[in-house]
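Please look through the structure below before reading on. The questions and answers that follow go from one side chain to the contact between chains.

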Amino acid sequence: MAAALEISGLRKSYKGFALKDVSFAVPEGSIMGLVGPNGAGKTTIVKLILNLVRRQAGAIKVFGLDNLADEKAVKNRIGFVHETPALVEDVPLRDIASVVAPFYPCWNPALFQAMLREFELPAGKKFKALSHGMKMKFSLALALSHDADLLILDEPTSGLDPVFRRELLDRLAGVIQDGRKAVLFSTHVTSDLERTADYVTLLLDGEVVLSAPRDDIRDKWAVVKGGPELLDPVRCPLFRAVRESPYGVEALTGDIPASRAAFPSAVFDRASIEDIMVFLHSGASHD
Amino acid sequence: MIKLFRKDFILHKKFVLGVGLVYPLYIGYMGSRIGRTTLLPVLCAFLYVIVPFVLFGREDKFKAETFTLSLPVTRREYLRARFLLSWILMLLMFAAGSLLMAVVPGAKLPAATVFGPRMVLSSLAFIAVYFGLLMPLFVRFGQAGLLVFLVVLQVTGVLLMVFRSSVGIGLIKTLFRLVPNAVAEIQAAFGPAPAVFAVLSLLALFSYGSFSLSLALFRRKEY
C-alpha cells in the first residue's frame with residue numbers, strides 16, 4: 001500500500017528536547033494515531049510536516065513529494081488543525097473562511113456551510129467569541145472543506161465534549177473510506193485511538209518506541225501479572241518494562257506466546273495503548 | 001500573492017479603513033507645521049513606515065502567522081506579499097498625507113515644495129531606508145523589532161554627538177552629504193532624469209537587500 005505520509009530519520013533538537021531519528025509511515029486509506037505524553041514531540045512532528053519549524057535531518061514525503069521542495073503542492077493536499085487554533089480574533093467566521101477558501105482549488109463552500117450548521121457555529125460570530133472547543137470545531141470545518149488527501153490533526157479532540165468527540169472520530173473513519181486519503185492525528189487521549197486508529201505510533205522523549213498496526217498491538221502486547229517469579233533475570237528479557245507493587249509484579253510484553261510459555265501461571269491481560277504508554281514511560285525497562 | 005493581499009485586507013479591514021481615514025489627517029496637520037524641507041521627509045517618512053508594521057503587528061499579536069503559513073503558501077511568497085502590501089500602504093499614506101499637508105490652511109511649506117521632485121524623492125528615499133532597516137528587525141524580533149530600531153537610532157544619535165564633539169562636525173556632514181552630493185553631480189553631468197534614475201535604482205537595490213536579509217531570517221523563524 002502506498003504511503004500518504006512517510007517520515008524517515010527526522011531529527012530536531014531544542015534546548016532540553018530532541019526528536020531522535022523519527023521514522024514512520026501512514027499508508028493511504030488509514031488513520032494513524034500519534035500518541036505520547038505531553039512533551040514527547042507530537043506537535044513538533046506536525047509542525048515539521050507543515051514546515052513551521054526547520055528539520056535538522058531526515059526526510060518528510062507526502063504522497064511522494066518532499067514537504068520542502070514541493071511545499072505548496074504538499075500543503076494543497078493537507079488539511080490541518082493545530083493544537084491551539086490561533087487566528088485574527090476580531091473577525092467573523094465567514095470572513096476567515098472567505099480568506100482561506102481561495103488558497104484551495106477544491107474548496108467546497110456548500111460543505112463548509114453544512115459543517116458550520118452541523119457544528120452549530122454561527123457564521124457571523126467573531127472568532128474571539130468562541131470557546132476553545134468551538135474554535136477547534138471551526139478549525140475542523142476549515143480542514144475538512146477542501147477535500148484534503150491527508151488530514152493532520154494535532155490534539156483535535158481537546159476541549160471537545162464526548163458527543164462531538166465521538167462524531168468527529170466517526171467522521172474521520174468516513175474520510176478514509178475511499179482508500180486514497182489518510183489521517184494523522186496526535187493525541188494523548190488513548191481511548192480516541194482504540195476507537196479509530198488503524199496504526200499507532202508511540203513517541204516517548206522524542207523517540208518512536210512503537211509503530212505498528214493497532215490489531216498487531218492488540219494481538220501481541222499484554223500486561224503480565226504475577227509474583228516475584230516475573231523478575232527472574234533469565235526470563236524477564238521477554239518484558240519491555242516491569243513494575244513492582246505491594247500486591248505483586250506487572251510486566252509488559254510484546255510477545256504473548258513466548259511470555260506465556262515462559263510464565264504459564266501468570267495472568268495475561270490484553271494491553272491497551274494507555275498501558276503500553278504508561279509502562280514504557282514510567283516502568284523499569286529490561287531491554 | 002493576490003490571495004495574501006486579500007487576506008490582509010479582509011482580516012484587517014477595520015484597521016485599514018480606520019488608519020486610512022484618520023492617520024493622513026494627523027500627518028497632514030503635523031507636516032503642515034514643519035517649515036524645514038530637510039526635516040519634513042525625515043519625520044514624515046517614519047510615520048508612513050509605521051503603518052504596515054502596526055498591521056503586521058496585529059497578526060503577530062494573535063499569533064495567526066502559524067495558521068497562515070500552514071496554508072499552501074511558501075515563506076518567500078508570504079514575505080513578498082508583505083513587502084508589496086507595505087509599499088502600497090506607505091505610498092497611499094504618503095500621497096494622502098502630502099496632499100493634506102499642502103491644503104491645510106497656514107501650511108508652512110507651499111504645495112509646490114511639498115510635491116516638488118526633490119521632496120518626493122527624498123521622502124521616498126527615507127521611506128525605503130526606514131522600511132528596509134525595519135523589516136528584517138520585525139521579521140526577527142516581531143513588534144519588539146520596532147523598539148530595537150528606535151534604540152539603535154538613539155544610540156547612533158548619541159555616538160554621533162560624541163563623535164561630533166571629539167572630531168568635529170565636518171566629517172559627519174561629509175558622510176551625510178555623500179549620497180546627495182553624488183546625486184547632484186550626476187544631475188550636473190547628465191541632467192535630472194539620470195539622477196532620478198540613479199536614486200531610484202539605489203533604493204531598489206537597498207530594498208532588494210532588505211528583502212533578501214528578511215527572507216533569510218524568515219526562513220529560520222520557527223513557530
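Predicted model: local features only at pLDDT ≥ 70, side-chain atom pairs only at ≥ 80, totals over all residues.

Q: Which backbone nitrogen does the side chain of T187(A) reach?
A: T187(A) is found in strand β8 (residues 182–187) of chain A; strands (E, at least two residues) and helices (H or I, at least four) are DSSP runs, numbered from the N terminus. A polar contact is a pair of N or O atoms within 3.5 Å; within protein, one must be able to donate a hydrogen and the other to accept it, and residues adjacent in sequence count only if both atoms are side-chain atoms. At 2.8 Å, the side chain of T187(A) reaches the backbone nitrogen of V189(A).

Q: Is T187(A) buried or exposed?
A: Buried means under 20% relative accessible area, exposed over 50%, and partly exposed in between (1.4 Å probe, protein chains only). The relative accessible area of T187(A) is 0%, so T187(A) counts as buried.

Q: Which residues is T187(A) in contact with, leaving aside its neighbours within four places in sequence?
A: Contact means heavy atoms within 4.5 Å. With those neighbours left aside, T187(A) is in contact with L34(A), V35(A), G36(A), K42(A), E155(A), T157(A), D192(A) and L193(A).

Q: How much area do chain B and chain A bury between them?
A: In contact across the interface are 28 residues of chain B and 30 residues of chain A. Buried area is the accessible area (1.4 Å probe) that two parts lose on being put together, summed over both. Of the area buried here, 63% is on carbon and sulfur atoms, and the total is about 2800 Å².

Q: How many salt bridges does the rule find across the interface of chain B and chain A?
A: A salt bridge is a side-chain nitrogen of Lys or Arg within 4 Å of a carboxyl oxygen of Asp or Glu. The side chains of K12(A) and E222(B) form one, at 2.5 Å, N to O. Across the interface of chain B and chain A, the number found is four.

Q: Which element gives the most to the side of chain B that touches chain A?
A: Elements that give two or more residues to this side include α2 (13–32) and α11 (192–220) of chain B. With six residues, the one that gives the most is α1(B).

Q: What is phi of K63(B) near?
A: K63(B) is in the loop between α3 and α4 of chain B, and its 59% relative accessibility makes it exposed. Most residues other than glycine have a negative phi. K63(B), a residue other than glycine, has a positive phi, near 55 degrees.

Terms used
Residues numbered from 1 in each chain as written. Chains lettered and ligands numbered in written order. Heavy atoms only, no water.
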